[in-house]
Structures are given as C-alpha cells and as structure tokens.
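Please find below a colleague's note on the structure shown here.

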Amino acid sequence: MKLFRKVVWSPFALTCLKWSALLFGMIVGAYVSGFVKRHVVLLLIIALLLIIKPLMTYFGDKDTFKGS
C-alpha cells in the first residue's frame, strides 16, 4: 500500500472528506474546549507561524513555483 500518492478526487468524495474533517474537528473541539481556552494565545501564535509558508507560496512569484 502506497501512503503518499496522487489521486484525482471526485467532487462528491472531496465534499465527504471535508465534511468528515469538519465534524471530527467539532467533536474534538467540544471535548478539549477547556484546554483551548487556557492556551488560546499559544495556539494563535502557532497558527500564525504555520500560515507563513502557505502565504509565501500563494503570494510569491509564480515563476519560482517548484510544485508538481
């Protein structure tokens, strides 16, 4: 079984994947809400650090894009 492979998703399969991830996140969020409230500043800093690379890729020079 190959774990990392390219797959062309149908719109329905992609929608199912996104909804399942959203619902799973809601369930986990309900259980760990106290933890999130106590560490909201730390989690916000982590979120801001993690968004740097995607923003650089999105707003960067299109000629230097090396994705496949």
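1. A residue counts as buried under 20% relative accessible area, as exposed over 50%, and as partly exposed in between (1.4 Å probe, protein chains only). By this scale Tyr58 is exposed, because its relative accessibility is 55%. Phe59 is likewise exposed, with a relative accessible area of 63%.

2. The model is predicted: local features need pLDDT of at least 70 and side-chain atom pairs pLDDT 80 or more, while totals for chains, interfaces and linings use all residues. Residues are numbered from 1 along each chain as its sequence is written, and side-chain values use heavy atoms, without hydrogens and water.

3. The chain contains four helices and zero strands (DSSP runs, H or I of at least four residues for helices and E of at least two for strands, numbered from the N terminus). Of its 68 residues, 0% are buried. The accessible surface (Shrake-Rupley method, 1.4 Å probe) is about 6,900 Å², and carbon and sulfur atoms account for 75% of that area.

4. Helix α3 (residues 40–50) packs against helix α4 (residues 52–59) at an angle of about 30°, with the axes 4 Å apart. The two are therefore roughly parallel (angles under 35 degrees, between N-to-C directions of axes fitted to C-alpha atoms over the stretch in contact, on a range from 0 to 180 degrees).

5. Which residues of α3 and α4 meet? Leu48, Leu49 and Leu50 in α3 meet Ile52, Lys53 and Pro54 in α4, contact being heavy atoms within 4.5 Å.

6. One aromatic pair is found in the whole structure (ring centres within 6.5 Å; planes under 30 degrees apart are stacked, over 60 edge-to-face, the rest tilted). Tyr58 and Phe59 form this edge-to-face pair, at 4.8 Å centre to centre and 85° between the planes.

Note on methods:
Angles under 35 degrees count as roughly parallel, over 145 as roughly antiparallel, 65 to 115 as roughly perpendicular and the rest as oblique. Rings of Phe, Tyr and Trp (its six-membered ring) pair if their centres lie within 6.5 Å; planes under 30 degrees apart count as stacked, over 60 as edge-to-face and the rest as tilted.
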